[in-house]
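Please read it alongside the sequence and the coordinates.

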Amino acid sequence: MTTSARRVDYISCCAWIGFFIEVIKNKGVKVIALTASYTGSIKAIDDMGNWRIKTLRDLGYDFTGAFPNVNRKVFTNFPEVNGDHPRFDQGIIFVNGGADMYTKGDVLNAFFLYSRFVPKKVLFVDDRYSNLEAVEKALPEGVEFIGFHYTGGAFYKGEAISKEVFKASWEALQ
């Protein structure tokens with residue numbers, strides 16, 4: 001298979017992604033999020049999955065409408081990482097960081113099997129080219145794949161902080 005990936009830079013992606021999501025949702029396209037995020041607890045955060053859902057909603061991203069009749073599912077057939085498993089919850093598939101044991105493609109395919117949904121086409125945006133390849137490889141035969149390799153994160157210049165500020169912030173999470 002050949003991955004049909006397109007490079008997307010930071011400025012163009014940030015400028016259009018929210019608008020693009022709303023436009024395609026309004027056309028009846030099922031839009032979900034697929035994240036490598038953990039689902040278990042980390043330091044002071046009891047449930048990283050719930051924290052991520054809230055963070056995305058606060059940013060204006062709500063994926064609950066894509067599969068309103070598909071219940072929350074913990075995929076216990078995947079190995080446990082950080083005390084938890086991949087899961088689907090409120091329109092978001094959490095891979096739970098298990099990249100060395102399974103891929104985003106594996107978990108997405110498990111979701112499609114669980115939901116009994118086979119898409120005609122998958123448009124997928126990710127900052128790691130290996131995730132684009134993994135998703136395309138895992139899709140059922142006949143599903144068209146269009147991948148966008150988001151490279152903007154490499155250009156994002158975060159605010160510099162001192163070792164002391166980082167340490168204090170980390171300890172505050174405990």
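Which strands does helix 3 lie across, and at about what angle does it run to strand 5? Helix 3 lies across strand 2, strand 3, strand 4 and strand 5, and its angle to strand 5 is about 130°. The model is a predicted one. The protein chain has 174 residues, of which 39% count as buried.

**Overall architecture**

- The protein chain holds five helices and seven strands.
- Read from the N terminus, its elements follow the pattern β-α-β-α-β-β-β-α-β-α-β-α.
- When contacts between residues at least 6 apart in sequence are considered, 60% of them join residues at least 24 apart.

- Four strands form an open sheet with mixed pairing, in the order 2-5-4-3.
- Strand 2 and strand 3 (73–74) are the edge strands, and each of them pairs on one side only.
- Helix 2 packs on this sheet, where it touches strand 2, strand 4 and strand 5; the direction of helix 2 makes about 145° with that of strand 5.
- Strand 4, residues 87–89, and strand 5, residues 92–94, are paired in the antiparallel sense through three bridges.
- Within this pairing, Phe 94 of strand 5 is the residue opposite Arg 87.

**Strands 6 and 7**

- Strand 6 and strand 7 run parallel and are joined by six bridges.
- Phe 124 has Gly 147 in strand 7 as its bridge partner.
- The covered face of strand 6 consists of Val 122, Phe 124 and Asp 126, while Lys 121, Leu 123 and Val 125 make up the uncovered face.
- Glu 144 belongs to strand 7.
- Apart from neighbours within four places in sequence, Glu 144 contacts Lys 120, Lys 121 and Val 122.
- Is Glu 144 buried, partly exposed or exposed? Glu 144 has a relative accessible area of 41%, so it is classed as partly exposed, given that this class lies between 20% and 50%.

**The largest pocket**

- What volume does the largest pocket have? The volume of the largest pocket is about 1700 Å³.
- The lining of the largest pocket comprises 49 residues, and those closest to the pocket centre are Ile 32, Ala 33, Leu 34, Phe 124 and Val 125.
- Two or more lining residues come from each of helix 1 (10–26), strand 2 (33–35), helix 2 (48–58), helix 3 (104–115), strand 6 (121–126), helix 4 (129–138) and strand 7 (144–150).
- Helix 1 contributes the most to this lining, namely seven residues.
- By class, the lining of the largest pocket has 31 nonpolar, 10 polar and eight charged residues.

**The enclosed cavity**

- How many cavities of 30 Å³ or more does a search of the whole structure find? The search finds one.
- The volume of the largest cavity is about 40 Å³.
- The residues that line the largest cavity are Ile 53, Leu 56, Arg 57, Tyr 61, Asp 62, Phe 63, Thr 64, Gln 90 and Ile 92.
- Helix 2 gives the most to the lining of this cavity, with three residues.
- The cavity lining divides into five nonpolar, two polar and two charged residues.

**Backbone features in loops**

- Most residues other than glycine have a negative phi.
- Asn 82 is not a glycine, yet its phi is positive, at about 55°.
- Asn 82 sits in the loop between strand 3 and strand 4, and it is partly exposed, with a relative accessible area of 41%.
- Gln 90 also has a positive phi of about 55° without being a glycine.
- The position of Gln 90 is in the loop between strand 4 and strand 5. With a relative accessibility of 32%, Gln 90 counts as partly exposed.
- Gln 90 is also one of the residues that line the largest cavity.

Note on methods. Residues numbered from 1 in each chain as written. Predicted model: local features only at pLDDT ≥ 70, side-chain atom pairs only at ≥ 80, totals over all residues. Heavy atoms only, no water. 1 Å grid on protein atoms, 1.4 Å probe; cavity = no way out; pocket = protein on both sides within 12 Å on 5 of 7 lines; lining within 4 Å. Points joined across faces, edges and corners; volume = space filled by probe spheres on them. Nonpolar A, V, L, I, M, F, W, Y, C, P; charged D, E, K, R; others polar. Pairing = 2+ DSSP bridges. Contact = heavy atoms within 4.5 Å. Axes fitted to C-alpha atoms, helices over the stretch in contact; angles between N-to-C directions. Buried < 20%, exposed > 50% of the residue type's maximum accessible area, 1.4 Å probe, protein only.
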